[in-house]
Amino acid sequence: MKFLTVFALLLALAVPTVQAESRDREKPIEIQADHFFGDELKQVATYTGSVRVDQGTMRLTGQKLVLQETAQGYKKGTLTGELATFRQKRDPKTKGIEEWVSGKAKQIVYEERTGIITLTGKALVERSENGVVKDRARGNKIVYDTIRSRTIIQGSEGGRASTVIAPRSSTR
């Protein structure tokens, strides 16, 4: 069983490394929701009802967002919902190919300082080219590093992680 988890991790790391849209981190974080409650003393803001977070090409959605600010001024957001979602465009690698990475889970945590997105509970991450899904990873927990384009998958209740990796064309 441990071998299968390690094997799935190796497969996930075999997915081509293309960085997330690098300019996204320089853009402001915009949040929309039905309700907002902020506690300045605790540096915590809670958004509920059809939450949408945008930062450049990155978009996260869910039903509740708890946003905390660290002493250094970085944001950490925990987004929950029946299935919370995220998607982000990747830096262009091949002319004419537009790549996106997207995911969904019961909980998504985004750490601004590290660029790490952690998806927990029925987690799914996909990479698409020009709207066609090419690679897919599933597990109970997926950690996706938007800066270094690394993915770590932990198995589901059955103890297994799964990946589907599309064959690469000979022209790339």
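Strands here are DSSP runs of E, at least two residues long, numbered from the N terminus.

A word on the model: it is a predicted one, with local features needing pLDDT of at least 70 and side-chain atom pairs counting only at pLDDT 80 or more, while totals for chains, interfaces and linings use all residues. Residues are numbered from 1 along each chain as its sequence is written, and side-chain values use heavy atoms, leaving out hydrogens and water.

What does β2 pair with? Its partner is β3, residues 44-55, in the antiparallel sense over five bridges; pairing takes at least two DSSP bridges. Phe 36, for instance, has Tyr 47 in β3 as its bridge partner. The two strands make a hairpin with four residues between them, and Gln 43 in that turn has a positive phi of about 60 degrees.

Now over to strand β8, residues 132-145, where we find Asp 135. Is Asp 135 buried or exposed? It is buried, with a relative accessible area of 3%. Its side chain makes a polar contact with the side chain of Arg 127, at 2.6 Å. For a polar contact, we need a pair of N or O atoms within 3.5 Å; within protein, one must be able to donate a hydrogen and the other to accept it, and residues adjacent in sequence count only if both atoms are side-chain atoms.

How values were computed: Buried means under 20% relative accessible area, exposed over 50%, partly exposed in between (1.4 Å probe, protein chains only).
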